[in-house]
Amino acid sequence: QVHLVESGGGLVQPGGSLRLSCAASGNLFSTNNMGWYRQTPGSQRRWVARLYGNGTITYTDSVKGRFTISKDNTKNTWYLQMNTLKPEDTAVYSCNLWSKALGAGYNYWGQGTQVTVSS
C-alpha cells in the first residue's frame, strides 16, 4: 500500500508562485513515475507535468517555462514549482504516482489541493 499526501496549495496573486508537494510513503518500488494533474469544475482532469523514473520530464504547453517538476529522493517527495501564475492556472491539483515492476504495479492519487490565482 502507498499513501500520498499533498500540500502547498492556496491563494496567490497573478504573477506569484506556489510550490506543491506530494509525499509518498509505504511500500514503494525503487523506480516511480509522478504526474501532476489539474481539474476545474465541469472539466476533465488534465495532465500538467510528468517526471518519469528514468528522469524524463514533460510539461503541457501552457505551463512550459513557468512550472518545474522535481523530486527529493531522500524524502520520496515530488514537487511542482509554479511561477508566474495566471488566473487560468486556478484548479484543483492532484499528484499521481505509478510504477510497475516484476509483473506487479500500482497507481495512486493524492487527495488534491486547491490553487487559486486571483487578485
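Colleague: In which strand is Lys100 found?
Modeller: This is a predicted model. The strand in question covers residues 91-101. Lys100 is found in strand E9.

Colleague: Is Lys100 buried or exposed?
Modeller: Exposed needs over 50% relative accessible area. Lys100 has 73%, so Lys100 is exposed.

Colleague: Which residues does Lys100 touch, not counting those up to four places away in sequence?
Modeller: Contact here means heavy atoms within 4.5 Å. Residues up to four places away in sequence are not counted. That leaves Phe29 and Gly105.

Colleague: How far apart in space are Lys100 and Asn32, C-alpha to C-alpha?
Modeller: In sequence, Lys100 and Asn32 are 68 residues apart. In space, C-alpha to C-alpha, the separation is 8.0 Å.

Colleague: What kind of aromatic pair do Phe29 and Tyr106 form?
Modeller: The structure holds four aromatic pairs. In the pair of Phe29 and Tyr106, the ring centres are 4.7 Å apart and the planes are at 40°. Stacked needs under 30 degrees and edge-to-face over 60. The pair is therefore tilted.

Colleague: How many residues apart in sequence are the parts that Phe29 and Tyr106 tie together?
Modeller: Phe29 lies in the loop between E3 and E4. Tyr106 lies in strand E10, residues 104-109. So the pair ties together parts separated in sequence by 77 residues.

Colleague: Is Tyr106 buried or exposed?
Modeller: Buried means under 20% relative accessible area. Tyr106 has 11%, so Tyr106 is buried.

Colleague: What kind of pair do the rings of Tyr52 and Trp98 make?
Modeller: Their centres are 5.9 Å apart. Their planes stand at 90°, so the pair is edge-to-face.

Colleague: In which strand does Trp98 lie?
Modeller: Its partner Tyr52 lies in the loop between E5 and strand E6. The pair ties together parts that are 46 residues apart in sequence. Trp98 lies in strand E9.

Colleague: Which residue of E8 stands opposite Cys22?
Modeller: Six bridges join E3 to strand E8, residues 77-82, and the two run antiparallel. E3 is also joined by six bridges to strand E1, again antiparallel. In E8, the residue opposite Cys22 is Trp78.

Colleague: Which elements give two or more residues to the lining of the largest pocket?
Modeller: The largest pocket has a volume of about 160 Å³. Its lining includes Arg38, Gln39, Arg46 and Trp47. The elements giving two or more residues are strands E4 (33-39) and E5 (46-51).

Colleague: How many polar residues does the lining of the largest pocket have?
Modeller: Two of the lining residues are nonpolar and three are charged. The polar ones number seven.

Definitions and conventions
Residues are numbered from 1 along each chain as its sequence is written. This is a predicted model: local features need pLDDT of at least 70, side-chain atom pairs count only at pLDDT 80 or more; totals for chains, interfaces and linings use all residues. Side-chain values use heavy atoms; hydrogens and water are left out. Helices (H or I, at least four residues) and strands (E, at least two) are DSSP runs, numbered from the N terminus. Buried means under 20% relative accessible area, exposed over 50%, partly exposed in between (1.4 Å probe, protein chains only). Two strands pair if DSSP finds at least two bridges between them. On a 1 Å grid over the protein atoms alone, a cavity is a set of points where a 1.4 Å probe fits but cannot get out, and a pocket is an open set with protein on both sides within 12 Å along at least five of seven lines; lining residues have an atom within 4 Å of a point. Grid points are joined across faces, edges and corners, and a volume is the space filled by probe spheres set on the points. Ala, Val, Leu, Ile, Met, Phe, Trp, Tyr, Cys and Pro count as nonpolar, Asp, Glu, Lys and Arg as charged, and the others, Gly among them, as polar. Rings of Phe, Tyr and Trp (its six-membered ring) pair if their centres lie within 6.5 Å; planes under 30 degrees apart count as stacked, over 60 as edge-to-face and the rest as tilted.
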